Amino acid sequence: MSDDRFLPGEDEDAIPAKRRKKRMRDRWVLLSIIGVLVIALVAVGAVLGYYGKATKDALDSVVREPTLMPTATENRPEPVPTKTGESNPPLNFVLMGTDARNPDERGRSDVLMVMHIPGDRKDAYLISLPRDYWVDIPGYGNSKINAAYSYGGPALTVQTVEWLLNIPIDHTAIVDFEGFMNVIDALGGVTVTNRQASSSGGFTFPKGEVELTGASALQFVRERKNLNEGDFSRTERQRDVLKAIVTKLTSRGVLTNPGQFRDAVTTLAPNFTVDGDLDNSRIVDIGLGMRISGGEDIKSLMAPVDGIATSSDGQSIVEVNGKKLDEMAEALRNDTMDEYYEADKDG
């Protein structure tokens, strides 16, 4: 594939060859935007016109399910206004990982994240919510946040996150995590930096860089009992692996290999169930609007915690750090997550 190829809508004659090459390199880099789950779909959407039928078929295989979002408009947070000087409002996604693909099969989601895309579209923030986070679940009172899925399915989980952060959720996705990991094999493996050595399921993961296959990655992201910080360490591993998948998927080496790219996206997409409004055109629109300049623009963090405690009924829970959570919620509403992230990282 030549670097001189360009995306639909660009006038080849009006763009000098060197600048065209830079645009394509920038486009490849910006596709590493959403270092996880549904963002992988957005990355696929951003090259829909470039790869044609393969990516369209992949997007068509995504399951759309209107019951994933709350239907009642009352008691939901007001929309976040567009920041002065920006043309877009921020976007918020709830991402759930579960082994039960059917939304009617009530279990407890092992992976729960919020993905925030600011109005300037220059970054993506991936926020893990610990599954034992002790929060107010609408209609049920205080409980672990992952219980919302068993009480009321994806829609109640979304509503719980909205109440917790005082932001409207624009879209949501349920991912068959086990199936999703198969994309790693289609990509020829991914590399992550492992913060703590561990062994599980017949696999050994030394500290430092480790190469993961689909099978080993699934064990890597499920492990928590042998990690120093338990579920906190597990959510960190989940974010690392998901970011590695999207970075590899949208790397130049894969994007310039049509066969490998086709195999990866056709493996990836069927493992998603998304809300009915996240149709192909919406995915493409979001993907083409992103302005990410590199993998470092995918920011990873965990919702603020106050440590482990015991509930009144004897459950081991993760306490919310109310002050810091309020600060993060305010940053999400004011489209100032860049400032919050830097302050949180430094202190």
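Modeller: Let us begin with a definition: rings of Phe, Tyr and Trp pair if their centres lie within 6.5 Å, and planes under 30 degrees apart count as stacked, over 60 as edge-to-face and the rest as tilted. In this structure, which is a predicted model, there are 4 aromatic pairs.

Biologist: Why is the pair of Y125 and Y341 called edge-to-face?

Modeller: The ring centres of Y125 and Y341 are 6.0 Å apart and the planes stand at 65°; the centres must lie within 6.5 Å and the angle must be over 60 degrees, so the pair is edge-to-face. This pair links distant parts of the chain, since Y125 belongs to strand β4 and Y341 to helix α14 (residues 337-346), 216 residues apart.

Biologist: What makes the pair of F203 and F205 stacked?

Modeller: For F203 and F205 the centres are 6.3 Å apart and the planes are at 20°, so the pair is stacked, given that stacked requires planes under 30 degrees apart. F203 and F205 also form one aromatic cluster together with F220, and over the face of F220 lies R237, at 4.0 Å from the ring centre.

Biologist: Are Y125 and Y341 buried or exposed, and how do you know?

Modeller: Buried means under 20% relative accessible area; Y125 has 2% and therefore counts as buried, and Y341, at 15%, counts as buried too.

Biologist: What makes the buried residues of helix α11 line one face?

Modeller: In helix α11 (residues 258-268), F261, A264, V265 and L268 are buried. Seen down the axis of α11, these buried residues fall within an arc of 90°, so they line one face of the helix. In general, an α-helix has 3.6 residues a turn, so residues three or four places apart point the same way.

Key
Residues are numbered from 1 along each chain as its sequence is written. This is a predicted model: local features need pLDDT of at least 70, side-chain atom pairs count only at pLDDT 80 or more; totals for chains, interfaces and linings use all residues. Side-chain values use heavy atoms; hydrogens and water are left out. Buried means under 20% relative accessible area, exposed over 50%, partly exposed in between (1.4 Å probe, protein chains only). Helices (H or I, at least four residues) and strands (E, at least two) are DSSP runs, numbered from the N terminus. The arc is that of the directions from the helix axis to the C-beta atoms. A charge sits over a ring if NZ of Lys or CZ of Arg is within 6 Å of the ring centre and within 35 degrees of the ring normal.
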